Amino acid sequence: MQAEFTDERAWNQFHQPRNLLLAMVGEVGEVAELFQWRGEVAEGLPDWSESERERLAQELSDVLIYLVELAEKCRVDLPQAVLRKMALNRLKYPASKVHGSAKKYTEYKD
Ligand SMILES: Nc1ccn([C@H]2C[C@H](O)[C@@H](COP(=O)(O)OP(=O)(O)OP(=O)(O)O)O2)c(=O)n1
């Protein structure tokens, strides 16, 4: 759908990898803006209004749209890459070793 959206507008010329990376980072900034002056935010965002939730949904969508397009333009098969990376993460952080700890893998001394 995003490829169709850009084709219809002759925007492919503007959607090269560097452009998409910067666009994505800009949208991450817009997500951060929604959180920046609040205290800790609990899971489920209990104090947020419907319009704030909708704004967040839109900004997260922008990040995802640019991320997927960036991967595509870099010829990265993102779904496959995510599966490979999650398998690596499981190996790097065995549940039995790291259970209940948020330390980075470099901090474990075996
Ligand atoms: N050159 C562009 C401009 C927009 N979009 C699409 C992808 C994003 O999902 C969304 C981004 O639109 P805006 O740049 O207008 O950003 P926002 O929607 O976040 O608006 P604002 O910055 O006013 O919050 O539109 C795109 O693909 N290519």
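**Note on the predicted structure**

1. Buried residues account for 5% of the 110 residues in the protein. The model under review is a predicted one, and the share just given refers to residues with 20 or more other C-beta atoms within 10 Å of their own.

2. As to secondary structure, the protein has five helices and zero strands. Read from the N terminus, the order of elements is α-α-α-α-α. The radius of gyration of the protein is 18 Å, well over the 13 Å that the globule rule gives for 110 residues, so the protein is more spread out than a compact globule.

3. The overall dimensions may be stated along the principal axes: the C-alpha trace of the protein spans about 55 × 40 × 20 Å.

4. Helix 4 covers residues 78-92. Its 15 residues, at 1.5 Å a residue, should span 21 Å, and the end C-alpha atoms of helix 4 are 20 Å apart, which agrees with that expectation. Is helix 4 largely in the open or buried? The number of buried residues among its 15 is zero, so helix 4 lies largely in the open.

5. The ligand has W11, F14, E30, D62 and I65 around it. Sorted by class, this shell holds three nonpolar and two charged residues, with no polar residues. The nonpolar class includes Trp, Phe and Ile, while Glu and Asp count as charged.

How values were computed: Residues numbered from 1 in each chain as written. Predicted model: local features only at pLDDT ≥ 70, side-chain atom pairs only at ≥ 80, totals over all residues. Helix = DSSP H or I, 4+ residues; strand = E, 2+ residues; numbered from the N terminus. Rg over C-alpha atoms; globule rule 2.2 N^0.38 Å. Buried ≥ 20, exposed ≤ 12 C-beta atoms within 10 Å, placed from the backbone. Near = placed C-beta within 6 Å. Expected span 1.5 Å × (residues − 1).
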